[in-house]
Amino acid sequence: MIGLGLRQLQDALNRKADFIQREFVAASDRLQVVGKLLMEGRPEDREKHRAEQLALRERQQVLAEEINLWRDRARAVIQQRGGDALRSYI
């Protein structure tokens, strides 16, 4: 019974990571677009595109850290030994 509950908790944590990962992919897609705009766009728009590019890279870093956090939490749930360790982890 506890094993099933832990598996469900692990799945929920992984779904959270998957949701954030989709945001990461969207930021990556936008970075590609902005990169093309930097190369092919108007010179007067370059500074705006560079700022967006920097913001997207920073956002990706934050998202990557958050994804790793949720994945680590999902792994850690299954690694808890005994009821006391699990209760203190949760």
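User: Let's start with Q53. Which helix is that in?
Analyst: Q53 is part of helix 2. Bear in mind that this is a predicted model.

User: And is Q53 buried or exposed?
Analyst: Buried, because its relative accessibility is 15% and the cut-off for buried is under 20%.

User: What does Q53 touch, leaving aside its neighbours within four places in sequence?
Analyst: Q53 is in contact with L31, V34, G35 and L38.

User: What about Q60, where does that lie?
Analyst: Q60 lies in helix 2. Q60 is buried, with a relative accessible area of 14%. Apart from residues within four places in sequence, Q60 contacts F24, A27, S28 and L31. L31 is also on the contact list of Q53.

User: Which residues of helix 2 are buried, then?
Analyst: H49, Q53, L56, Q60, L63, I67, W70, R71, A74, A76 and V77.

User: How far does helix 2 reach?
Analyst: Helix 2 has 34 residues and spans 49 Å from its first C-alpha to its last, close to the expected 50 Å.

User: Stepping back a bit, what's the overall secondary structure?
Analyst: There are 3 helices and 0 strands, and the order along the sequence is α-α-α. Of the 90 residues, 24% count as buried. Among contacts with a separation of 6 or more, 68% are between residues 24 or more positions apart.

User: Which residues make up the largest nonpolar core?
Analyst: That core has 9 residues: L6, L13, A17, I20, L63, I67, W70, A74 and V77. In soluble globular proteins, nonpolar side chains tend to be buried together.

User: What does L63 touch?
Analyst: Not counting residues up to four places away in sequence, L63 touches I20, E23 and F24.

User: Switching to charges: how many salt bridges are there?
Analyst: The count comes to 8. One of them pairs D18 with R71, and their closest N and O atoms are 2.6 Å apart. This pair links distant parts of the chain, with D18 in helix 1 and R71 in helix 2, 53 residues apart.

User: Are D18 and R71 buried or partly exposed?
Analyst: One of each. D18 counts as partly exposed because its relative accessibility is 32%, whereas R71 counts as buried at 19%.

User: What about R30, which residue does its side chain meet in a salt bridge?
Analyst: R30 meets E52, at 2.7 Å from N to O. Here too the pair links distant parts of the chain: R30 sits in helix 1 and E52 in helix 2, 22 residues apart. R30 is partly exposed, with a relative accessibility of 33%, and E52 is partly exposed at 26%.

User: And E44?
Analyst: E44 forms a salt bridge with R42 at 3.2 Å, N to O. E44 is exposed, with a relative accessible area of 56%. Salt bridges with shared partners join R42, E44 and D45 into one network.

User: Last one: how far apart are R57 and S28?
Analyst: Their C-alpha atoms are 8.4 Å apart, though R57 and S28 are 29 residues apart in sequence. R57 is in helix 2 and is partly exposed, with a relative accessible area of 49%.

Terms used
Residues are numbered from 1 along each chain as its sequence is written. This is a predicted model: local features need pLDDT of at least 70, side-chain atom pairs count only at pLDDT 80 or more; totals for chains, interfaces and linings use all residues. Side-chain values use heavy atoms; hydrogens and water are left out. Helices (H or I, at least four residues) and strands (E, at least two) are DSSP runs, numbered from the N terminus. Buried means under 20% relative accessible area, exposed over 50%, partly exposed in between (1.4 Å probe, protein chains only). Contact means heavy atoms within 4.5 Å. A nonpolar core is a set of buried Ala, Val, Leu, Ile, Met, Phe, Trp, Tyr and Cys residues joined through side-chain atoms within 4.5 Å. The expected span of a helix is 1.5 Å times one less than its number of residues. A salt bridge is a side-chain nitrogen of Lys or Arg within 4 Å of a carboxyl oxygen of Asp or Glu.
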